[in-house]
Structures are given as structure tokens and as C-alpha cells.
Amino acid sequence: MAAAKNVIDFTGAGGNDDLLFSTIAEGIMNTGYSIIPTALPAWLTDTLFTHQQLMEASKFKNAGVGRGKQYLKNEFVRTDAISWITGETKAGKAWLSWVADLQVYLNRRLFLGLFSFESHFAHYSPGDYYKRHYDAFKGESNRVLSLIVYFNSNWLASDGGELVLYQDQYDQTGIKVVPLMGTIVAFLSEEFPHEVLAANRDRYSIAGWFRLNTSMTDRVDPPR
């Protein structure tokens, strides 16, 4: 598929963040998305993977859809469990620091006006899924860029759980992304519908969103 030309092999790039950030930026600029297998710096991948594996089950809550008063748990749409990253742990601080550097680079290179970032750990148990959806909420241009990283070793085709990134609302084929350890996916939140196919084994990741500042006098965005 022609659209898959932006799936880049970054293995052996030596952990050069500027090169990695440049590759992400070029993908977004040229096609609106970037898929880079095993590209997250090894030290950060190890830190986040170890932390997520040691997290207590009680830290994870069943995920829902919507925000604030519109938040609903809907198992027809999604069945994964999440834990928001606040930066209170060493792993969380390391992740948010790396993301902040990426944000600065993307704003400087692409003039996206990224203002803030939110993210959570995600755990898909066997059989869990997230049906086709957009990340940006209808009528609100707050989420600009989606960012996903994966923490799964030796993932096989039979394990399922692929992210499917569709070009638009009419695309029924999409690009399948295997959730391999250290793989990075970034895409424009309003442009690409996507889904997570049911996994056949435990599947770990972080999902996050860069946001615009849409706060007003009587409303703080994002709501806390």
C-alpha cells in the first residue's frame, strides 16, 4: 500500500533524539502520520516497561469514552484498562520530559501550537479491543496530535492486537501496526480514524495526546 511508505525502520539509529524527532516531524508533514518500529530510546523503553509491569492492578481503571461530564464507560466501544500518567513516579517524569522535548521540536518545525500533553498507560487483557474511532472530540479542536508507544516483546501475528490506522472515513483496509516493543506511532488526531483489534495476550502501551490551549475564563481545558 502506498500509504505505508511512511512506516520507517529506525533500528540501530543510535538513540539520536534529534534524528528521531525529525523523522516523526517529516512523516506528519508529508502524510499526517508516522510509524517507526522499535524507535523509542532503549533506556526509556526499559524504564517504562519495567514500571508498567510492576504497577498494581488497582492503579488501572476500566477505560471510557468522552471527557468530563460526557465521560462514559462503554464496553461496546472499548474494554481496555488505563492509568493516567501524572509525573509522580521516576518513570512518569522520564516519559513526560522526553515528550516535552518532542513537543518543543514539533512546534519549532511544524508550527502546530502544541500547548499541553496528557497520556496514560494502557493494558489490554486477552480479548480486549477498542473499536474504530477518532481521538479528537467532535466540535472541539483540542487534541491535535496522538502519540502511542508499545511495550510488548516477541509479538506474533497470532497474538492479534494490532492498531489499524485508516486514511479517512471511507478507508476499510487501513494500515496495521504490530505493537512491538519501542514502536512509536504519531498521527493527526482529527484526520485518522483507527481501532485496536482484539488481543490474544496481554498488550501494554502508552497512549497520549498533544493539545491546544482551549481554556476560557470559566472553563479550564483539559478539565481536572
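**Strands, rings and spaces**

Biologist: Opposite which residue in S4 does isoleucine 82 stand?

Modeller: This is a predicted model, in which local features need pLDDT of at least 70 and side-chain atom pairs count only at pLDDT 80 or more, while totals for chains, interfaces and linings use all residues. Residues are numbered from 1 along each chain as its sequence is written, and side-chain values use heavy atoms, with hydrogens and water left out. S3 and S4 run antiparallel and are joined by four bridges; two strands count as paired if DSSP finds at least two bridges between them. Within S4, the residue opposite isoleucine 82 is alanine 122.

Biologist: How many bridges join S4 to strand S11?

Modeller: Strands (E, at least two residues) and helices (H or I, at least four) are DSSP runs, numbered from the N terminus. Serine 119 stands opposite glycine 208 in S11. S4 and strand S11 (residues 203-211) run antiparallel, and the bridges joining them number nine.

Biologist: Which strands stand at the edges of the open sheet?

Modeller: The open sheet has seven strands in the order S1-S9-S6-S11-S4-S3-S2, with antiparallel pairing. Each edge strand has a single partner, so one side of each is left without a neighbour in the sheet; these are strand S1 (33-36) and strand S2 (61-62).

Biologist: Which residue in S9 stands opposite isoleucine 35?

Modeller: S1 and strand S9 (residues 184-188) run antiparallel and are joined by four bridges. Opposite isoleucine 35 stands valine 185.

Biologist: Are the faces of S4 buried or exposed?

Modeller: Buried means under 20% relative accessible area and exposed over 50%, with partly exposed in between (1.4 Å probe, protein chains only). In a regular strand the side chains alternate between the two faces of the sheet. Nine of the nine residues of strand S4 (residues 116-124) are buried, so S4 is largely enclosed by the rest of the structure. Ser116, Glu118, His120, Ala122 and Tyr124 on one side, and Phe117, Ser119, Phe121 and His123 on the other, are all buried.

Biologist: How many residues apart in sequence are the parts that phenylalanine 21 and tyrosine 105 tie together?

Modeller: Rings of Phe, Tyr and Trp (its six-membered ring) pair if their centres lie within 6.5 Å; planes under 30 degrees apart are stacked, over 60 edge-to-face and the rest tilted. The count comes to eight aromatic pairs; the rings of phenylalanine 21 and tyrosine 105 have centres 5.9 Å apart and planes at 55°, so this pair is tilted. Phenylalanine 21 lies in helix H1 (residues 17-31) and tyrosine 105 in helix H3 (residues 90-110), so the separation in sequence of the parts they tie together is 84 residues.

Biologist: Which residues do ring pairs link into a cluster?

Modeller: Phenylalanine 21 is buried at a relative accessible area of 3%, and tyrosine 105 is buried at 13%. The cluster linked by ring pairs consists of Phe21, Trp95, Trp98, Tyr105, Phe117 and Phe210.

Biologist: Over which ring does the charged end of arginine 143 sit?

Modeller: A charge sits over a ring if NZ of Lys or CZ of Arg is within 6 Å of the ring centre and within 35 degrees of the ring normal. Arginine 132 lies over the face of tyrosine 166, at 3.8 Å from the ring centre. For arginine 143 the distance to the ring centre is 3.8 Å, and the ring belongs to tryptophan 209.

Biologist: Which strand supplies the largest share of the lining of the largest cavity?

Modeller: On a 1 Å grid over the protein atoms alone, a cavity is a set of points where a 1.4 Å probe fits but cannot get out, and lining residues have an atom within 4 Å of a point. The largest cavity holds about 190 Å³, a volume being the space filled by probe spheres set on the grid points, which are joined across faces, edges and corners. Its lining has 20 residues, of which Tyr124, Tyr130, Ile148, Val196 and Ala207 lie nearest the centre. The largest share of this lining, five residues, comes from S11.

Terms used. 1 Å grid on protein atoms, 1.4 Å probe; cavity = no way out; pocket = protein on both sides within 12 Å on 5 of 7 lines; lining within 4 Å.
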